[in-house]
Amino acid sequence: MTDRTPNATDERPPKPRPAPTPDADSAPYWSAAREGRLVVQRCTNCGARQLYPRDRCLVCRGPVEWVEATGRGTVYSFTVIRQNYSRPFRDWIPYVVALVDLEEGPRVMTNIVGCEPDDVRIGMPVRAQFEAVSDEAGIALFAPVSGADSGADSGAD
Amino acid sequence: MTPPRGRRAVIAGVATSDYPHLPHLSEHAVHGQSADRALADAGLTFADVDGFATTGFFPMYATGVAEYLGLHPIYFDETNSGGSSFEVLVEHAAYAVESGAVDVVLVTYGSVQLSQMGRRLGTGGGGGGGFAPGPAIYDALWGNTLVGNYAMAARRHMHEFGTTPEQLAAVAVTMRHHAATNPQAQEREPITVEDVVSSRLVADPLHKLDCCVISDGGGACVVTTEERAADLPGDPVYILGAAHATTHHLNLSAMPSLTVSPAAQCGPVAFARAGITPADVDVAQLYDSFTITVVLTVEDLGFCAKGEGGAFVENGGLEIGGRLPTNTDGGGLSACHPGMRGMFLIVEAVRQLRGEGGATQVPGARIAVAHGTGGMLSTGATLVLGREAP
């Protein structure tokens, strides 16, 4: 489990996870995650799906709309961060940063939670879970689909 | 594109500043020291300079350095593509002199990041805001670090091609071997593959010794025309071909494939412009922010097939006499890495072509490649340099 216990030597209150400042492109994305929903953009012209949010489709430059995603994906790559001087992250070390390929296609950066860092594997199936980080924004973290043991035998390292 | 008669671009002078620790110098003084030495190397003075290029982390940076140096150039450039910036600036300078816009472009670099910031660069940040303007926020919320981005590329390369930590380590071992003969190098004590893979993990699978050093330092070069160089004391080095490319900025999630860097785009273009193939290259100076950076670059520039970079760098592949003698000064992994190391690649490439490589001289080197990598594998820029006119 990602350890969020502050260092014993650091007596300051825990620093919260940083929150994004929504803009015209991203507000629907962050607010959906705030409500516990993962959304992706779909081109109304060619049907391509994409993240991060943009004002147009990257394939055909057509207009885009927001559609609900399943929240399922697989780990494309990952690292275990063992050194970061910035709070709050240094209080979580070691933790997993990963790129997850969503079932719908887009790739997102995230943290893998709900398992030991050493159990994460490329190809491992994961599912979104959500954390509110401000009144207007939530973020999608990902956890192994079938609990803490699912990573051990899924995909070669 | 063939330039007008006599206006073919050459590098007439190069220099590094003192390095790797300069607590007694300001950042701008490092530019000044580098400029003095490169102009002297060329046999020119500040009065001959009509074009100026550099880059740093503030807008109008080149203007500020020109002011500090007392230059009033009629051409300036501060294109910032991170670590590859100086290859891009020299490419632009070549176009500027070949077009006839200017005759002598001074390109300088200076950094005192070690003295100013200590060793935290690369393992801080990831906190969003600040250094994550606009869309850069999407990958900035997760506590990832600069090292973490390259670590994810390394992990993916291992997954797709079976590359091993020991193969990555071979890059660091060779750079240290070369640094041992460079009296200025920051780290000169020999290391083994075992030393690298048993050093502490910073971001899996990259260990401390898979990461570059953090230094103060700078360098400069003087770009002019073949015609002008004919009146100068030294032998010019020809800029035979150049190109650069980008695939993404700070969002690694926007990189099409973690195992293909922008070198795959700009390398073949630069080689074609120079009229050479990878087999013609005698010595390479390749950006080595991390060991994986070199493995990706030798593949993407076509020195070996995609996926074979691990085997290519093993067993002395990058040593003098090896498959591709690389980073003969010890590279960023051991000699000096002040943040945007691209200038050092150019200086060392020119020294090799002039036969000034000392203990790590590649005998008879005629063609050198300097390839910079910037950002999170975001940009690449290739320069092909030659001892003889094309």
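Chain A has one helix and eight strands, where helices are DSSP runs of H or I with at least four residues and strands are E runs of at least two, numbered from the N terminus. Read from the N terminus, its order is α-β-β-β-β-β-β-β-β.

This is a predicted model, in which local features need pLDDT of at least 70 and side-chain atom pairs count only at pLDDT 80 or more, while totals for chains, interfaces and linings use all residues. Residues are numbered from 1 along each chain as its sequence is written, and chains are lettered from A in the order in which they are written.

Of the 157 residues of chain A, 39% are buried, meaning that 20 or more other C-beta atoms, placed from the backbone, lie within 10 Å of the residue's own.

Now the contact between chains. Chain A gives 27 residues and chain B 31; two residues are in contact if their C-beta atoms, placed from the backbone, lie within 7 Å. On the chain A side, strand 4 (72-81), strand 5 (95-102) and strand 6 (107-112) each give two or more residues. That side divides into 17 nonpolar, seven polar and three charged residues. Nonpolar here is Ala, Val, Leu, Ile, Met, Phe, Trp, Tyr, Cys and Pro; charged is Asp, Glu, Lys and Arg; the others, Gly among them, are polar.

Chain B next. Its domain assignment, automatic or from a database, gives domain 1 (9-118 + 216-240) and domain 2 (139-212 + 242-386). In chain B, 30 residues of domain 1 are in contact with 36 of domain 2. Helix 3 of chain B supplies the largest share of the domain 1 side, seven residues.

Conventions. Buried ≥ 20, exposed ≤ 12 C-beta atoms within 10 Å, placed from the backbone.
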